[in-house]
Amino acid sequence: MRIFLTLIFILVCIAMVVLVLSQQGKDAGLGGLGGVGDTYWSKNKSRSMEGKLVQITAILAAVFFVIAVILNLNF
């Protein structure tokens, strides 16, 4: 069981690295002050491919932490 979890953990780590590197930076800078960045694109970003990458990254991060805690337990 421990070997299986370790392999899944390694695959999740590799997938997270690939997803994080494939995402665009959030460089709004000072343009985000005062609502200047509120465009149609920024409001509907969760439906785009970038939004899906962010959601998948969050899910993989949660799986990463759960498996890390399980592997750290002495069972």
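F65, at 54% relative accessibility, counts as exposed. The model is predicted, and local features therefore need pLDDT of at least 70, side-chain atom pairs count only at pLDDT 80 or more, and totals for chains, interfaces and linings use all residues. Residues are numbered from 1 along each chain as its sequence is written, and side-chain values use heavy atoms, with hydrogens and water left out.

The protein contains three helices and zero strands, where helices (H or I, at least four residues) and strands (E, at least two) are DSSP runs numbered from the N terminus. Along the sequence, the elements follow the pattern α-α-α. Of the 75 residues in the protein, 17% are buried. Contacts are defined by heavy atoms within 4.5 Å; among those between residues at least 6 apart in sequence, 87% join residues at least 24 apart.

Aromatic rings were examined next. Rings of Phe, Tyr and Trp (its six-membered ring) pair if their centres lie within 6.5 Å, and the planes count as stacked under 30 degrees, edge-to-face over 60 and tilted for the rest. Two aromatic pairs are counted by this rule. F9 and F64 form a stacked pair, at 4.9 Å centre to centre with 20° between the planes. This pair links distant parts of the chain, since F9 belongs to helix 1 (residues 2-22) and F64 to helix 3 (residues 49-72), 55 residues apart. The rings of F64 and F65 have their centres 5.4 Å apart and their planes at 80°, so this pair is edge-to-face. Together, F9, F64 and F65 form one aromatic cluster.

Helix 3 also contains T57, which counts as buried at 13% relative accessibility. The side chain of T57 reaches the backbone oxygen of L53 at 2.6 Å. Apart from neighbours within four places in sequence, T57 is in contact with L19, V20 and Q23. A15, by comparison, is found in helix 1 and is partly exposed, with a relative accessible area of 27%. The C-alpha atoms of A15 and T57 are separated by 8.6 Å, although the two residues lie 42 residues apart along the chain.

The accessible surface of the protein comes to about 6,000 Å², as computed by the Shrake-Rupley method with a 1.4 Å probe. Carbon and sulfur atoms account for 72% of this surface. A nonpolar surface patch of about 500 Å² is made by I3, L7, I10, I14 and V18; of these residues, I14 lies in helix 1. Patches are made of residues with over 30% relative accessible area and no salt bridge, like charges being joined within 9 Å and nonpolar side chains (Val, Leu, Ile, Met, Phe, Trp, Tyr) within 5 Å. A salt bridge is a side-chain nitrogen of Lys or Arg within 4 Å of a carboxyl oxygen of Asp or Glu.

Conventions:
Buried means under 20% relative accessible area, exposed over 50%, partly exposed in between (1.4 Å probe, protein chains only). A polar contact is a pair of N or O atoms within 3.5 Å; within protein, one must be able to donate a hydrogen and the other to accept it, and residues adjacent in sequence count only if both atoms are side-chain atoms.
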